[in-house]
Structures are given as structure tokens and as C-alpha cells.
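This briefing is for a reader new to the structure. Please look over the sequence and the model first, then read the points below by topic.

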Amino acid sequence: MYVGRFVVVGPGLGAYRVSSRSFPNRHVTAREDALTVGPTPDAPETDNPYIAYNCVRAAGDDDGLAVVGNGSHVDPIAEKLDLGYPPRDALVTALFALDYEKDDYDTPRIAGVVDDDEAYIGTVRADALHVERVTEPTLVATYEKDDPEPYPLSADTADAAARELYDADFEHTVCAAAAEVEDGDVETAYYNG
């Protein structure tokens, strides 16, 4: 099954996977404050604004929060958290402001916010804005599974979560990234295959 990009979040752990039919030549790289999805050196030139973005960011200053998501909304969510917004409000504000992607598929924006013992997941589609607190690993994808649903994530570290999502049984795997929050510290990892 092809579900496109997807996030899985639960208390203490959030992960994101790029799955793509149209732009498979991408990878995750680490920057000072974020993990970034972008084209590989051999990727064909494109003017598509939706293929490069931060997909994981630490946030909340000393609060130990992590944001995962499939686009440019990751940065404003993290910025709202840095300003002291509660996770639910940061998700709602950024998803509402940026709306779904205005591409040929009306691609939903998906995101999650994770701290030590709490997680929130959200999506904005052409027909809905949905944000909720979750107590167990929960998935939302851009296609087919665009309503949050429980997901059997067995990983308990960022490294293991990135690899587990990369290996998940959905089509057109490209790369994956994850963040673990423990005792206010955020650890990130990624897997490019």
C-alpha cells in the first residue's frame, strides 16, 4: 500500500518517513538544530517547493520537546513551542495558517509534537483540521491513512524508530528520521538506506 509520507508519535518518541513516487531522490541530513529532507546530489532539478524542509526539530528551549512533520510547517510549530505555546495550540496554529499543500494532490500536512510523557498528532487536509493528544504510538499519513490510528511501533530509541519506519511495510520508501525525548533531552536519528 502507498500511504505517502507519514508520522508516528507516542509519548517520548516521534518518527517520520518519506515515501515518494514522484521525488525518490531525497535523503535526510543533520543540521545544527534540525534534521532536513532534501534532494540527493544526483536528483533531477525541480522547482517543486514541497520536496525540501526540516522534518525533525527540537523545541521548547528547556522543556525538551520534539516536532516531526512533512513540510515547512515544522518550523513554525517549533517556533510556537519556543514561545511557550502548548503543543496542541502550536500544532493547530501552524497547520491552520499553512493549510494543506496546494499541489496536484492536495497533499495533507501532517505533524506531531512529543515530550517525555505526552504526544500530540495533527493533520490538515482539504476537508478537515484534526489535532489530538495520544497516549500510544499513533500514525497519520498523507494518503490512505489520513486519520490518526494506532500503530504497533516497537522501537524505544530515535535510532531504532528511524530504522523501523524505514522498514515499515508501505511502498516507495525513501528515508526516515526520528526524535526521542527523555528527561528533557532530545536525541535525533535518521536512516537513508
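Buried means under 20% relative accessible area, exposed means over 50%, and partly exposed is in between, with a 1.4 Å probe and protein chains only. A salt bridge is a side-chain nitrogen of Lys or Arg within 4 Å of a carboxyl oxygen of Asp or Glu. For charge, Lys and Arg count as positive and Asp and Glu as negative, while His and the chain ends are not counted.

The model is predicted: local features need pLDDT of at least 70, side-chain atom pairs count only at pLDDT 80 or more, and totals for chains, interfaces and linings use all residues. Residues are numbered from 1 along each chain as its sequence is written, and side-chain values use heavy atoms, with hydrogens and water left out.

Helices (H or I, at least four residues) and strands (E, at least two) are DSSP runs, numbered from the N terminus. Contact means heavy atoms within 4.5 Å.

**Helix H3 and Glu164**

- Helix H3 covers residues 158–166, and Glu164 is part of this helix.
- Glu164 is buried yet has no salt bridge. The nearest side chain of opposite charge is Arg163, 9.9 Å away.
- Not counting residues up to four places away in sequence, Glu164 touches Pro152, Leu153, Ser154 and Ala155.
- The buried residues of H3 are Ala158, Ala161, Ala162, Glu164, Leu165 and Tyr166.
- These buried residues pack against E1, strand E2 (13–19), strand E12 (173–182) and strand E13 (185–191).

**Helices H1 and H2**

- Two packed helices are described by the angle between their axes and the distance between the axes.
- Here, the axes of H1 (residues 74–82) and H2 (residues 87–98) come within 9 Å and cross at roughly 145°. Axes are lines fitted to C-alpha atoms, for helices over the stretch in contact, and angles run from 0 to 180 degrees between N-to-C directions.
- On the H1 side, Pro76, Ile77, Lys80 and Leu81 take part in the contact; they meet Pro87, Ala90, Leu91, Thr93, Ala94 and Leu98 of H2.
- By class, the contact of H1 with H2 has eight nonpolar, one polar and one charged residues. Ala, Val, Leu, Ile, Met, Phe, Trp, Tyr, Cys and Pro count as nonpolar, Asp, Glu, Lys and Arg as charged, and the others, Gly among them, as polar.

**Salt bridges**

- Side chains of opposite charge can pair when their charged atoms come close.
- There are nine salt bridges in the structure.
- One of them joins Arg57 and Asp75, with the closest N and O atoms 2.9 Å apart. Arg57 lies in strand E5 (residues 53–59) and Asp75 in helix H1, so the pair ties together parts that are 18 residues apart in sequence.
- Arg57 is buried at a relative accessible area of 10%, whereas Asp75 is partly exposed at 22%.
- Arg125 and Asp127 also form a salt bridge, at 2.9 Å from N to O. Arg125 is buried, with a relative accessible area of 12%, and Asp127 is exposed, with 60%.
- A network of salt bridges links Arg125, Asp127, Asp146 and Asp147.
- Lys145 pairs with Glu149 in a salt bridge at 3.0 Å, N to O. Lys145 is buried at 18% relative accessible area, and Glu149 is partly exposed at 29%.

**Buried valines in strands**

- Val8 is in strand E1 (residues 6–10) and is buried, with a relative accessible area of 0%.
- Val8 and Tyr151 are 143 residues apart in sequence, but their C-alpha atoms are 7.3 Å apart in space.
- Beyond its neighbours within four places in sequence, Val8 has contacts that include Leu139, Tyr151, Leu153 and Leu165.
- Val114 belongs to strand E7 and is buried at 2% relative accessibility.
- Leaving aside neighbours within four places in sequence, the contacts of Val114 include Val9, Leu13, Leu65, Ala119 and Val181.

**Positive phi values in loops**

- Asp99, in the loop between H2 and strand E7 (109–114), has a positive phi near 60° and is a residue other than glycine. Asp99 is partly exposed, with a relative accessible area of 26%.
- Glu144, in the loop between strand E10 (138–141) and strand E11 (149–150), has a positive phi near 65°. Glu144 is exposed, with a relative accessible area of 62%.
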